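Opening the notebook on a new model today.

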Amino acid sequence: YEVEGFPSHRLHPEGKLAACFLAESEKFYVFFQDPSNRLLCLDSEWSSSTLPAVPRANSPLCATILDDRVHIFYIADGDHCIHYLLEEDGAWVDNVLATCVLDETLIRFTVGKSDEGILEAYVLTAGKVVLQIVGTADGERRELGKIDESGTFIPGTDAECCLIIPIVVIC
């Protein structure tokens, strides 16, 4: 299937793709690495731009909309930490989610915000370990559990097993 006007691009052979749609402006963004590990963005007009980021080769990518803004998350080559780019006044600006080093091979990750508004990443490693990276100054890293051979999540502690049971106290 060919889309008229779609530009030709070479992708990194082990690279990942990420995409998101900004409903308010009806624009979409597609992010990928090229063979030289540069991070590129295709926008709704099929225009491509090289982003000011140096992702690790084969870095998972996560594109999401937070606070009505496009975020693209990746693992940086230099420090092996989760970084993200935000578009500000027409330019992409690099930020660090947390200073936790992720040297292991990663399969994928997703990022969202906690109830307190703090960025949190949930990471799946090649060893099938599920990590939580909290985007605070100290960059807390927690091992939440593992994925077994059948694909079932096995929690690392009882905290991940607990049920939330609302209790009403009447005095």
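This is a predicted model: local features need pLDDT of at least 70, side-chain atom pairs count only at pLDDT 80 or more; totals for chains, interfaces and linings use all residues.

Below are my entries, sheets to begin with and a leucine to end with.

**Entry: the β1 to β4 sheet.** I traced an open sheet of 4 strands, ordered β1-β2-β3-β4, and the pairing is antiparallel. I noted β1 and β4 (48-50) as the edge strands, each pairing on one side only. From one strand to the next I get an average twist of 20 degrees.

**Entry: β1 with β2.** I went to β1 (residues 17-22) and β2 (residues 27-33), which pair antiparallel over 6 bridges. Phe 21 sits opposite Phe 28 in β2. Which residue in this hairpin takes a positive phi? I found Glu 26, with phi near 55 degrees, in a hairpin that has 4 residues between the strands.

**Entry: β2 with β3.** Next I followed β2 across to β3 (residues 39-43), and 5 bridges join this antiparallel pair. I wrote down two partners here: Phe 31 faces Cys 41 in β3, and Phe 32 has Leu 40 as its bridge partner. The β2-β3 hairpin has 5 residues between its strands, and Asn 37 in the turn shows a positive phi of about 70 degrees.

**Entry: the β5 to β8 sheet.** I moved on to another open sheet, where 4 strands run in the order β5-β6-β7-β8 with antiparallel pairing. Both β5 (62-66) and β8 (91-96) stand at the edges with a single partner strand, so one side of each has no neighbour in the sheet. The twist here averages 30 degrees from one strand to the next. I also checked β5 against β6 (residues 69-75): they pair antiparallel over 5 bridges, and Ala 63 has Ile 72 as its bridge partner in β6.

**Entry: Leu 119.** I then picked out Leu 119, which lies in strand β10 (residues 119-125). Is Leu 119 buried or exposed? I read 12% relative accessibility, and Leu 119 counts as buried because the cut-off is under 20%. I looked up what touches Leu 119, leaving out residues up to four places away in sequence, and the list includes Leu 66, Phe 73, Tyr 84, Val 111, Ile 133 and Val 134. Leu 97 is also among the contacts of Leu 119. I checked that pair separately: Leu 119 and Leu 97 are 22 residues apart in sequence, with 7.1 Å from C-alpha to C-alpha.

How values were computed
Residues are numbered from 1 along each chain as its sequence is written. Side-chain values use heavy atoms; hydrogens and water are left out. Helices (H or I, at least four residues) and strands (E, at least two) are DSSP runs, numbered from the N terminus. Buried means under 20% relative accessible area, exposed over 50%, partly exposed in between (1.4 Å probe, protein chains only). Contact means heavy atoms within 4.5 Å. Two strands pair if DSSP finds at least two bridges between them. Axes are lines fitted to C-alpha atoms, for helices over the stretch in contact, and angles run from 0 to 180 degrees between N-to-C directions.
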